[in-house]
Amino acid sequence: STVTLAQRFGRCRRLNGSLRMASQVLPREVFHLMCHYLDRGTLSQLCLASTCARWGAEQLADALIAGDEFRGVFLQSGELRPSAGALSYLLKLEHALRTGSVLARGFRTSWPKTTKEVGFSLDTSGPWFVEFEVVAARAPNGVPTLGITDLVAEEGTTWPQDVSRPPADCAAHEGFALSFCPATGRIFAALAPGASQRLRGGDVIGAGEDSAKAAGQRRTFSGRLPWPEICNPCKKRNEPISAGILLHEGQLTLYRVGGGDWHSSGVVVDNLPPRVSPCMFMFSFLGYAHVRFVDLRRSPPEICQHCDASGHGLPGGWSAWPPQQ
């Protein structure tokens, strides 16, 4: 309402006045110490208070970006600092990391093939755990998949295809991508020729492995974890599936909640690219989908150390995808 807007405007004016006065009266060192206790919204208000206050806000934002909370997290553009300054970069980064960001929602009789990035990329030295939540219903072709890629979308954060299952003649997009289905444990991985990544869990594939047959083309593989299926996507309603990916020391481990507890895949890829983007993938999907980014944190969820190993590895190994006729 008009009254509410007027009240908020009045509070902003009083806040700016207080900040301006503090920046002028307090010693610079004391003012900067005070800034460390401000929330991000109030920090942005500092820029409107005075030149000194803006300088202090920029310095604090620069320190926050360099701190443990954001070290190894990058905007999708890949810029370390935008021309607008550290505070602008910090606010954009926090917007990208906003929990609950929806990657897909709704019912369609035919969804386009797509790779949707979450809006930020991560240093694979980690540790980073990215959590998602997936709901699929009335979906006879399965569940949207989750994973990572080192490819950078030319426009925005979306590729017009599932880059973990690229077309056979996809020689133009050289890079790495891996996706997994949290409902079934099925994995798809695409490697560029001469890639340093190694697919583990079965026969080790990759690590610069050369093949005349694969020359000039990306190689795509598929495997399946020994995870029981936990939902029937054809049903009219399903409960959300919690799933996630762990990046640590250049290795990738997959997670999901099954039977009420988290369990993992063990390491499925090592020698990851230096930086990757968490993504949602769709390939021939139809039906209802609700996929959202839940959280980014430094440590993975707790698992049962005694029983988790039963879900590790790929009993059938890796095989070429699509299957040879």
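**Close-up views of a predicted model**

**View 1. The lining of the largest cavity.** Val 134, Val 135, Ala 136, Val 143, Cys 231, Asn 238, Glu 239 and Ile 241 line the largest cavity. The model shown here is predicted. About 30 Å³ of space lies in this cavity. The structure holds 1 cavity of 30 Å³ or more. Which strand gives the most to the lining? Strand β5, residues 128-137, does, with 3 residues. Sorted by class, the lining has 6 nonpolar residues, 1 polar and 1 charged.

**View 2. The ring pair of Phe 120 and Phe 293.** These two rings form an edge-to-face aromatic pair. Their centres are 5.5 Å apart, with 65 degrees between the planes. Where do the two residues lie? Phe 120 is in strand β4 (residues 120-123), and Phe 293 is in strand β17 (residues 287-297). The pair therefore ties together parts that are 173 residues apart in sequence. Are these residues buried or exposed? Phe 120 has 0% relative accessibility, so Phe 120 counts as buried. Phe 293 is buried too, with a relative accessible area of 1%.

**View 3. The ring pair of Phe 180 and Trp 227.** This aromatic pair is also edge-to-face. Centre to centre, the rings are 6.3 Å apart. The angle between their planes is 85 degrees. Phe 180 lies in strand β8 (residues 177-180).

**View 4. A cluster of rings.** Which residues do ring pairs link into a cluster? They are Phe 129, Tyr 255 and Trp 262. The count for the model comes to 8 aromatic pairs.

**View 5. Phe 221 and Ala 320.** Phe 221 sits in strand β12, which covers residues 219-224. How far apart are Phe 221 and Ala 320 in sequence and in space? In sequence, they are 99 residues apart. In space, they are 4.5 Å apart, C-alpha to C-alpha. Phe 221 counts as buried because its relative accessibility is 11%, and the cut-off for buried is under 20%.

**View 6. The whole chain, for context.** The chain has 5 helices and 18 strands. Of its 325 residues, 49% are buried. Take the contacts with a separation of 6 or more: 76% of them join residues 24 or more positions apart. The chain exposes about 16000 Å². Carbon and sulfur atoms supply 52% of that area.

Technical notes: Residues numbered from 1 in each chain as written. Predicted model: local features only at pLDDT ≥ 70, side-chain atom pairs only at ≥ 80, totals over all residues. Heavy atoms only, no water. Helix = DSSP H or I, 4+ residues; strand = E, 2+ residues; numbered from the N terminus. Buried < 20%, exposed > 50% of the residue type's maximum accessible area, 1.4 Å probe, protein only. Contact = heavy atoms within 4.5 Å. Areas by Shrake-Rupley, 256 points an atom, 1.4 Å probe, with all protein chains shown as cover. 1 Å grid on protein atoms, 1.4 Å probe; cavity = no way out; pocket = protein on both sides within 12 Å on 5 of 7 lines; lining within 4 Å. Points joined across faces, edges and corners; volume = space filled by probe spheres on them. Nonpolar A, V, L, I, M, F, W, Y, C, P; charged D, E, K, R; others polar. Phe/Tyr/Trp six-rings, centres within 6.5 Å; stacked < 30°, edge-to-face > 60°.
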